[in-house]
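Biologist: I should like to learn how to read a model of this kind. Could you take me through it, feature by feature?

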Amino acid sequence: MKQYIFFFLFLISSSLLGQTVISGSVKARNDGTLPGANVYLKGTYDGTSTDTEGRFSFKTLKTGQFTVSVEFLGYESHSEQVTLNGKEIELAIELNETFSKLDAVTITAGTFEASDKKQANTISSLDMITTAGAAGDVFGALQTLPGTTTNGESGRLFVKGGDSDESQTYIDGALVHTPYNSTAPNTATRGRFNPFMFKGTIFSTGGYSAEYGQALSSVLLLNTNDMPVQDQFDLSLLTIGPEVAGTRLWENGAVTATLGYSNLQPYMNLVPQNFEWKKAPESTAAAISIRQKTGKTGMLKIYSSFDNGRFTLGQFDLDQDTMVDYGLRNRNFFVNTSFRTTIGENLTLSTSASFTNDRDKVSFDGNHFDKSLKGFHLKQTAAREITEKITLRGGVEWFTRSLEQTYRTPADTFVNIYDINTMAAFTEAELYASKRFVTRIGVRLEHNDYLNRSSLAPRLTAAWKLDETSQFSMAYGWFYQNPSDAYLIYSDKLNYERADHYTLSYQSTRNERTLRTEIYYKDYRNLTKQGQGEFYLSETYNNSGSGFARGLDLFLRDKKSIRNGDYWISYSYLDTKRNYKDYPKEAIPGFASKHNLAVVYKHWFDKIRSYAGLNYKYSSPRVYNNPNSPEFNGEKTIAYHTLDVSWSFLYKPNIIFYGAVTNLPGFKQEFGRRYSETPDESGLYRSATIVPGSGRFFILACFITFTKKGTENQLDKIQ
Amino acid sequence: MKTTLITLTMLLASFAGMSQKNEYYQAMGETLGQYATCRTVEDFQALGNRFSMIAGNEKDEWLPLYYHAHCYIIMSFMEPSDAAKKDAWLDEAEKSVNKLVAIAPGEADVFALQAMLCTGRLVVNPMERGQQYSMLSGQAIGRALGIDPSNPRARLIKLQNDMGTARFYGKDTGEYCSEAKELLAGWDSFTPKSGLHPAWGKDQAAEIVSGCK
């Protein structure tokens, strides 16, 4: 074969004037020789590839002016004019690395990003779902990451010395006003959203972009799935109740409808509980999600859900020395819409909106407490890529929050209402000096009509890549947030609360192993203080509170060392004190524990098609206040331990069985003590231990998927 | 057969003078001839370079893009462990596959190649990508067989996917043997449109059959 080619080439060449030899070498500007680069004469079929030393040589029969093109993956193409006249041409070519944001340095200070696009991710979307012990709760899974403190009696996120209301959750850019389910005091909550809805997650524990305000400690950005790929029907049978979901596709669009019912009564009849449930938690949830592509680049997403939940819990009233029923009924309506489109090459516009209507009806001991929250958020952003290395972003936002609280005793009714409008604008520039260095500079302006206050928040982050595997990042910024509802409802004379973040982070990723260390300092000021006066008077509250948090976070992820196994270890050290709420002085807050450790392990057994998860968590003792003791927050809880396991078994392509147990060894868990409001005859405040609902929690489930092909499954759900 | 055709094209090329189109046929024939001698990643890289050069000259032809993508997919299969490299090569292949889907949406081989690309993505990280890419691969195969149910490469890739799934579920792959034998026996009855059109796959089919008892 080859001989033929040479023969013909020879024939051809002999019929023409003569040939020119072009030879030389191709090098990378920084890293030496490039073997395998494509070198050819543009518009012809004459060319070759460089050898292992980056050298090349080829002949051409063309004559006159031509262009030599040199191309190599990951490098900018090079063109060079040559004159072909039979004289040998020698070229020494140097290529520059292409600038690609995908493999350029990224800002990692304070940020955990989960998506499946990039290899270098510290955690993937699947990890968010498959962490044992989280049992499908987004917030539960995040509590295995450094920077978080587990508060077993709350279930909410506590980030880097911040209280739980300092964290905000966004879905497709729009604020989620009520991300957690309503629960009774001192019982753990879960997130409202099914983690399978999301394809990507960014969890920022500090130093986030100017796009996000109204959060002193962290933002959780959840991005929903794009278009489903086929019609399907899913049936999930869990020990706490069934769920059905159906997906239907049409030209450029799709709809998914979900209906679920859960009731813990049958489960609680079997497994002994620490609480005395008069009516076990029962809920009905319906959701609909619509996707529509518009034009070439537009994507409209609508998600709407309605939840209806209720329970009645018998709680011991320490003041009355008797059992009292605590009943709660919650109705939550939520709708989230986003539209994203690209205009021309470099301009991206996004519009996001969300609306929440959340109603809690609480009854205890003949008293009624109703809370109605309406929240709305509208955001318009534009991002323009000026050059590959410079991107400008900007946007405007409008938040409204309207809260109405009604307290009814057999004798009286008290109503408190407040409405707040917050307008905000932000702008930021992302500047790459090279593949190795990036900065992001932004500023955010907010105005709040209820407090009649404005704030201006600068944000600055930078990252510097040392080599292919390691990088430094830093983040600095001012963060503002309105005081919580509990204070705003009584006072409009307050100011924004503020936290300044300083974060320095180092990350090294090599061979599917990632090590990350981060140190931070947070300076809190203008925290709301409750003074001595009556709680319903606005003079009782002021912004004289302050505090600090500093700590060290470590994260190690290793997908390599154990075959079919994958683990991560998170450790956080936290040193924090604050003077806020009704604290008499600066003290360690009750939600903070000095040492937090999480070890997450996952293993795939291919022989038995099973995925096993194991998760151990430890939190060092936290403080709580004993009103019988002169020392404020002077008591300590016991340390917190849990060991959770999960097992999923792929029975058939479309049928999966799943089982999980939290706190398998039954570690004793206590979250301090609660005290009576008033002392008894002997002058002592009575108290009771705060414990979780049960020593362990079991769940069994079966997931069945029906499609036309019959082979798809919900493996991504619980793998 | 192929060799004769290539020789014929080249003969034609040299006789008719070097018009651009003939140069194209010649370059394609010559480059396709080198497939047989490719052994290493570097060999396929060099071959892919040739196809990339040809594709640059012939914007309306789908075959150079097809082979360009094919080379890069093979490279990713040859790389033992570096996931970032595998993905970078598959990114390069995907660019060509996307162009192919746009310029030659009626070719079963284009979608068969797309299915192969999806399988390539899957093997980079089966645990995380299994679900998504097995579905996408299955879809692409469905499209290929929808266009031409007799396309042997589409049938081969489907067979490989089905056998992979059966193996995963611990089932006997013996039930696919008759299908494999039938595919191999009928392989040559499928005539490519020209000597430049995709013709690979018979060896893999033979390998499956040889694994049957």
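Biologist: Where in chain A is the pLDDT under 50?

Modeller: Where pLDDT is low, the predicted coordinates should not be read in detail. This is a predicted model, and chain A has an average pLDDT of 89, with 93% of its residues scoring at least 70. The pLDDT is under 50 over residues 9-16 of chain A, a stretch with six contacts beyond four places in sequence. Residues 715-719 of chain A also fall below 50, yet this stretch has 21 contacts in the model beyond near neighbours in sequence.

Biologist: Which residues of helix α10 of chain B are buried?

Modeller: An α-helix has 3.6 residues a turn, so residues three or four places apart point the same way. In α10(B), residues 202-210, the buried ones are A205(B), I208(B) and V209(B). These three share one side of α10(B), because the arc they cover around the axis is only 100 degrees. The exposed residues D203(B), E207(B) and S210(B) are on the other side of α10(B).

Biologist: Against which helices do the buried residues of α10(B) pack?

Modeller: They pack against α8 (152-168) and α9 (177-185) of chain B.

Biologist: How many residues has the largest nonpolar core?

Modeller: In soluble globular proteins, nonpolar side chains tend to be buried together. Here the largest nonpolar core has 61 residues, and M28(B), Y35(B), F51(B), Y67(B) and L113(B) have the most contacts inside it. Helix α4 of chain B (residues 63-78) gives the most to this core, namely ten residues. The core lies between domain 1 (18-104) and domain 2 (106-212) of chain B, because both give residues to it. L113(B) touches Y66(B), A69(B), H70(B), I73(B), V97(B) and L100(B), leaving aside residues up to four places away in sequence. Another core, of 22 residues, lies apart from that one and includes L145(A), Y180(A), F198(A) and F334(A).

Biologist: Into which domains is chain A divided?

Modeller: Chain A has domain 1 (2-95) and domain 2 (111-453 + 466-718). Between the C-alpha centres of these two domains of chain A the distance is 59 Å.

Biologist: Is strand β12 of chain A mostly covered or mostly open, and how many of its residues are buried?

Modeller: Strand β12(A), residues 198-204, is mostly covered, with five of its seven residues buried. Its partner is strand β13 of chain A (residues 218-224); the two run antiparallel and are joined by six bridges. Within this pair, S204(A) stands opposite V219(A) of β13(A).

How values were computed:
Residues numbered from 1 in each chain as written. Chains lettered and ligands numbered in written order. Predicted model: local features only at pLDDT ≥ 70, side-chain atom pairs only at ≥ 80, totals over all residues. Heavy atoms only, no water. pLDDT = per-residue confidence, 0-100. Contact = heavy atoms within 4.5 Å. Buried < 20%, exposed > 50% of the residue type's maximum accessible area, 1.4 Å probe, protein only. Helix = DSSP H or I, 4+ residues; strand = E, 2+ residues; numbered from the N terminus. Arc of directions from axis to C-beta. Core = buried A, V, L, I, M, F, W, Y, C linked by side-chain atoms within 4.5 Å. Domains from an automatic or database assignment. Pairing = 2+ DSSP bridges.
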